[in-house]
Amino acid sequence: MEEPSHFITICSDSLGDTAEAVVQAVLHQFQNQRVTIRRYGNVRHEDELRKLMEEAAKHQGFVAYTLVQPELREMIREESVRLDLRIVDIMGPMMQTFIDTFDDAPQARPGLLHQLDENYFRRIEAIEFTVACDDGRDLGAMLKADIVLLGMSRTSKTPLSIFLAHRGKKVVNYPIVPEIGPPHQLFSLPPNRLIGLTMDPEHMLKIRSERLKVLGLPVGSQYASLARIMEEMEYAAVLFTKLDCPIIDITDKAIEETAGIIMGYI
């Protein structure tokens, strides 16, 4: 019998991205948990807050919130007591520590993280650049990129590129194929702008086999054979050595973890 889904409600007076990112990071630490996340953004009025809290109480989950308006922060605490509902204040402890340590006061204005400032436009530009350069579509763009990801097929190059683009980094990802020589642009870049991605061969075999099933293609094709995977990995290892670039084994790593390692390199 299938386990029932647990409910987590996200409440924010902005978009709710911060709270959801924290919830998702925590969920990665738990296996076999069926969780339904309901996100309520731009909550600015007490009646909206009361309604969503009552809805959350019906499912016996908990509420993770990022509220900066004092009246809403007070109200969600009162509602949690009234409804016997657990709440998690994502930003509150950090804000209070900032106040206590630096003797400053928060602006209490929702949505400051997403205001149209220079950083916002830099992220948008990075995302547009990265999408246009996906899968080696624009080799010339490598010279303009902050990061060039190199890896075999199914090493998470595209989702990793988009994640890094949301951090404001212009990313080009290039697929490594033994039959196609590396573009000369790679050898014009400093090693710290290049990142080689690799994976355990058996793990790669499982991923490629599942991919073929999804596409309705024969699982026994060369693409999903261990011999072909080993050939590609050996070719990639030689190329990474020539480029003298950092190499990251992404086996069992979440996108966020790999991105954090890359940001440390650059």
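Modeller: Begin with Cys 11. This is a predicted model, and its Cys 11 has a relative accessibility of 0%.

Biologist: Why is Cys 11 called buried?

Modeller: Buried means under 20% relative accessible area. Cys 11 has 0%, so Cys 11 counts as buried.

Biologist: How do you know that Cys 245 is in no disulfide?

Modeller: A disulfide needs two cysteine sulfur atoms within 2.5 Å. For Cys 245, the nearest cysteine sulfur is that of Cys 133, 19 Å away. Therefore Cys 245 is in no disulfide. By this rule the count comes to 0 disulfides.

Biologist: What makes Cys 245 buried?

Modeller: Its relative accessibility is 9%. The cut-off is under 20%, so Cys 245 counts as buried.

Biologist: What share of the residues in the protein is buried?

Modeller: Buried residues make up 35% of the 266 residues.

Biologist: Now the surface. Which residues gather in the patch of negative charge?

Modeller: Glu 46, Asp 47, Glu 48, Glu 71 and Glu 78. Helix 2 (46–58) and helix 3 (70–83) each give two or more residues to the patch. The largest share, 3 residues, comes from helix 2.

Biologist: Why is Glu 71 called partly exposed?

Modeller: Glu 71 is found in helix 3. Its relative accessible area is 40%. Buried is under 20% and exposed is over 50%. The value lies in between, so Glu 71 is partly exposed.

Biologist: How many helices and strands does the protein have?

Modeller: The protein has 9 helices and 8 strands. Its C-alpha trace spans about 65 × 50 × 30 Å along the principal axes.

How values were computed:
Residues are numbered from 1 along each chain as its sequence is written. This is a predicted model: local features need pLDDT of at least 70, side-chain atom pairs count only at pLDDT 80 or more; totals for chains, interfaces and linings use all residues. Side-chain values use heavy atoms; hydrogens and water are left out. Patches are made of residues with over 30% relative accessible area and no salt bridge: like charges are joined within 9 Å, nonpolar side chains (Val, Leu, Ile, Met, Phe, Trp, Tyr) within 5 Å. Accessible areas come from the Shrake-Rupley method with a 1.4 Å probe; for residues, only the protein chains shown count as cover. A salt bridge is a side-chain nitrogen of Lys or Arg within 4 Å of a carboxyl oxygen of Asp or Glu. Lys and Arg count as positive and Asp and Glu as negative; His and the chain ends are not counted. The place of a charge is taken as NZ of Lys, CZ of Arg, CG of Asp or CD of Glu. Helices (H or I, at least four residues) and strands (E, at least two) are DSSP runs, numbered from the N terminus. Buried means under 20% relative accessible area, exposed over 50%, partly exposed in between (1.4 Å probe, protein chains only).
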